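Hi everyone, thanks for coming. Let's take a walk through this model together, one neighbourhood at a time.

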Amino acid sequence: MPAVSKIFIHSGKERSIERKHPWVFSGAISKNEGNLQEGDVVEVCNHKGGHLGYGHCQNGTIAVRMLSFDNQFPDADFYTDKIQSAWNLRNAIGLINNSSTSIFRLIHGEGDFLPGLIIDYYNGNCIIQCHSIGMYCDLEKIKNALIKVVGQQLKSIYQKSSSTLPKEFTAYHGDGYLFGDTAVPVVALENDNEFYIDWITGQKTGFFIDQRENRNLLGRFSKGKKVLNTFCYSGGFSVYALQNGANLVHSVDSSSKAIHLTEANIQLGKFAAEKHNSFVADTMDFIKELKEDYDIIILDPPAFAKHRAAKHNAVQGYKRLNAAAIRQIKKGGIIFTFSCSQLVDKELFTNTIIAAGIEAKRSVRSLEQLHQPADHPINANHPEGEYLKGLVIQVD
Ligand code: SAH
């Protein structure tokens with residue numbers, strides 16, 4: 001095992017590491033030993049020098065992201081083991097060689113014991129997004145592990161970290177293919193619905209995979225209904241609504257690029273043109289001036305709270321948005337409402353929706369509590385990993 005720098009943890013602060021929480025905050029560190037560079041693998045030690053594990057170090061509040069809590073050094077075999085085990089999990093939940101779904105998340109950071117790493121799978125193409133410099137430094141090992149684990153089905157590996165890491169680290173290599181060279185967009189399947197996926201110019205890795213099961217549920221509510229899909233991105237919810245017999249679907253996004261993607265996916269699904277319309281608009285403006293009497297409204301905004309200081313304003317934002325939709329929807333109408341802000345937990349989100357109902361002076365019933373799917377697992381030692389929550393509510 002190569003010699004690496006060490007960091008020492010203040011007495012008493014090692015407890016969360018012993019409980020296998022993967023984040024070491026900068027305040028927990030008493031001193032460093034060695035020539036520490038951002039992205040390096042470091043040995044993490046207690047105040048007496050006892051070994052606690054290995055992690056990636058980086059300047060910032062989260063100073064180390066733990067990779068192992070024993071003597072396993074994060075070498076090539078380590079990445080192969082972790083990616084193989086993630087693949088086995090996706091196999092166990094029916095996502096590998098599934099003739100209806102060729103889109104899934106293969107690595108979900110802490111949930112797959114690889115903090116800082118996201119890998120999404122689109123029909124044989126693996127898109128890597130690094131959220132830590134350490135993972136970026138280990139890309140070669142990650143690539144080789146993917147080649148081994150995915151095997152014959154692997155068409156390409158594309159790495160896209162320029163939007164998730166500081167410029168000085170990604171400027172040299174830039175985004176691009178590490179293996180293969182697939183022309184985008186590709187067509188991939190989710191529950192038998194076809195979608196164009198473009199990881200090069202699309203948001204995130206190209207698609208919001210975490211809504212798969214919630215889109216399926218929307219489908220079950222959609223027959224004969226008039227549906228408004230706000231924050232629609234590439235039209236995932238719109239396609240499911242139409243596929244399941246909605247009478248009319250309106251898709252709204254503030255990005256014209258997103259609306260182009262939605263329209264392309266609606267065409268791909270060969271839905272009757274008169275059943276769908278899209279609008280480049282701010283959702284709040286659109287909802288305030290609703291011209292239609294919708295049966296179903298979907299509210300899936302981007303994370304309003306990206307850091308702690310923004311939490312209060314984020315909650316106010318969710319309340320305003322939901323109150324507007326609750327006020328406007330027809331009697332008996334259904335709202336699928338979501339928050340993907342990690343900092344707004346399930347209880348706070350539910351209370352916010354209750355408050356929105358009170359503000360709108362309507363009676364609200366909660367029908368379903370929604371969640372992120374099993375290919376976005378939550379590490380029990382890292383409850384912060386539960387980020388997507390949603391409610392299906394009915395408004396009288
Ligand atoms: N529901 C989508 C994912 C939503 S991502 C899906 O199933 O794929 C959030 C989307 O909100 C992005 O496409 C972004 O362009 C859009 N957005 C951000 N702010 C907005 C606003 N104020 N009004 C409308 N859309 C907005």
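Let me start with a pair of side chains: that of N322 makes a polar contact with that of T337, at 2.6 Å. By polar contact I mean a pair of N or O atoms within 3.5 Å; within protein, one must be able to donate a hydrogen and the other to accept it, and residues adjacent in sequence count only if both atoms are side-chain atoms.

Before I go on, a word on what you are looking at. This is a predicted model, in which local features need pLDDT of at least 70 and side-chain atom pairs count only at pLDDT 80 or more, while totals for chains, interfaces and linings use all residues. Residues are numbered from 1 along each chain as its sequence is written, and side-chain values use heavy atoms, with hydrogens and water left out.

Back to N322. You'll find N322 in helix α10, residues 311–328; helices here are DSSP runs of H or I with at least four residues, strands are runs of E with at least two, and both are numbered from the N terminus. Is N322 buried or exposed? N322 is buried, at 1% relative accessibility. Buried means under 20% relative accessible area, exposed over 50%, and partly exposed in between, using a 1.4 Å probe and protein chains only. Setting aside neighbours within four places in sequence, N322 is in contact with L299, T337, I353 and A356, where contact means heavy atoms within 4.5 Å.

Now to strand β18, residues 333–339, which holds I335. I335 is buried too, with 0% relative accessibility. Not counting residues up to four places away in sequence, I335 touches a list of residues including I297, L299, A325 and V395. L299 is one to remember, as it turns up in the contacts of N322 and of I335.

Next, helix α7, residues 236–243. Of its 8 residues, 7 are buried, so α7 is largely enclosed by the rest of the structure. Among those buried residues are F237, V239 and Y240. After α7 comes G245, with a positive phi near 90 degrees.

An N or O atom in the D282 side chain is 2.8 Å from a ligand nitrogen. A backbone N or O atom of T283 is 2.9 Å from a nitrogen of the ligand. Taken alone, the ligand exposes 580 Å², and the protein buries 87% of that, by the Shrake-Rupley method with a 1.4 Å probe.

Last stop, the cysteines. How many disulfides does the structure hold? There are 0, a disulfide being a pair of cysteine sulfur atoms within 2.5 Å. C45 is buried, at 0% relative accessible area. C137 is in no disulfide either, with the sulfur of C130 the nearest at 8.9 Å. C137 is partly exposed, at 47% relative accessibility.
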